[in-house]
Amino acid sequence: MKCTECRQSEMVSTREAYRFVESGLPNVVLLDTEIRTCPKCGARGAVIPDVEGLHRTLALAIISQPNPLVPHEVRFLRKWLGWSGVDFARHMGVTAETVSRWESADSGKPISATADRLLRVLVARGEPVASYPTEKLAEIEETPKSKRARYELHRGKRWEAESVAA
Ligand SMILES: [Zn+2]
C-alpha cells in the first residue's frame, strides 16, 4: 500500500503495542497491532480491525471497574452512546454546563454518584441509540400529576400498559 501522505513509497508493516489515543482514553494500549510506517516521510498509522467491537469492549470495561467515573471516561461513554453534550444533558436531566463540568478534568466537579450509576446502566443496556426511555424521563413535568394506568393482556399472551390521565 502506497503512503497516502507523500505517495512516494510503499508502507512497511510491523506489529507492536499501540497506544489508542484516538479513543480519548489515555491508558488504552492495543497489543500486537499492525502499524504501517512510510520509510520516506515517516507517516504512521495503526490498522485496527473491528473498531466498533473495540469501542464496545472499552465501554464495558469502563463501567465494570469499581472506581468513580473520571472526566475522560464520561466523555468516552457519552460519545459511545452517540449523544452530543446537549443530548446527554437532556437524557440525564441536567444542564449542558453540568455535562461540560463532568467532562472537564480541571472543573473540580466530577459526575455525581447517582449520575455515574445511571450512565453505567445506559451503557450496560448496550444500545448506542436514542430510543432509551430517559428520552421520556426528560419530559417529566416539575409538578407531578397523578395518573392511573391500565394493563391489558394482549391476545392472551403479552401484558401491555395503557397509561391514562386520572
Ligand atoms: Zn510517506
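How are the donor residues of the zinc ion spaced in sequence? The spacing is C-x2-C-x31-C-x2-C, and the points below start from there.

1. Basis of the values. This is a predicted model, in which local features need pLDDT of at least 70 and side-chain atom pairs count only at pLDDT 80 or more, while totals for chains, interfaces and linings use all residues. Residues are numbered from 1 along each chain as its sequence is written, and side-chain values use heavy atoms, with hydrogens and water left out.

2. Zinc donors. The protein donors of the zinc ion (N, O and S atoms within 2.8 Å of the metal, or 3.2 Å for Na, K and Ca; water is not among the atoms, so sites may look incomplete) are the SG atoms of Cys 3, Cys 6, Cys 38 and Cys 41, at 2.2 to 2.3 Å from the ion. Cys 6 belongs to the segment before β1 (12-19) and Cys 38 to the loop between β2 and β3 (44-47), so this pair ties together parts that are 32 residues apart in sequence. Helices (H or I, at least four residues) and strands (E, at least two) are DSSP runs, numbered from the N terminus.

3. Zinc geometry. The 4 donor atoms subtend angles of 108 to 115° around the zinc ion, which makes the arrangement tetrahedral; four donors count as such if all angles lie between 85 and 135 degrees. For comparison, the ideal angle for four tetrahedral donors is 109.5 degrees.

4. Buried means under 20% relative accessible area, exposed over 50%, and partly exposed in between, with a 1.4 Å probe and protein chains only. Cys 38, at 1% relative accessibility, therefore counts as buried, whereas Cys 6, at 22%, counts as partly exposed.

5. The hairpin. β2 and β3 pair in the antiparallel sense over 4 bridges, where pairing requires that DSSP finds at least two bridges between the strands. The two strands form a hairpin with 6 residues between them, and Gly 42 in the turn has a positive phi of about 85°. Glu 34 stands opposite Val 47 in β3.

6. Positive phi outside glycine. Arg 7, in the segment before β1, has a positive phi near 55°, and its 61% relative accessibility counts as exposed. Asp 50, in the loop between β3 and α1, is not a glycine either and has a positive phi of about 50°; its relative accessibility of 57% counts as exposed.

7. The largest nonpolar core. A nonpolar core is a set of buried Ala, Val, Leu, Ile, Met, Phe, Trp, Tyr and Cys residues joined through side-chain atoms within 4.5 Å. The largest one has 28 residues, of which Leu 77, Phe 88, Trp 102, Leu 119 and Val 123 touch the most other members. Elements giving two or more residues include β2 (29-37), α1 (51-64) and α5 (113-124), and α1 gives the most, with 5 residues. Domain 1 (7-49) and domain 2 (50-141) both contribute, so this core lies between them; the domain bounds come from an automatic or database domain assignment.

8. Contacts of Val 123. Leaving aside neighbours within four places in sequence, Val 123 is in contact (heavy atoms within 4.5 Å) with Ala 59, Ile 63, Leu 77, Trp 80 and Leu 81.

9. The chain as a whole. The protein chain has 6 helices and 5 strands, running β-β-β-α-α-α-α-α-α-β-β from the N terminus on. Buried residues make up 29% of its 166 residues.

Conventions
Four donors count as tetrahedral if all angles lie between 85 and 135 degrees; four count as square planar and six as octahedral if opposite donors are over 155 degrees apart and all others between 65 and 115; anything else is irregular.
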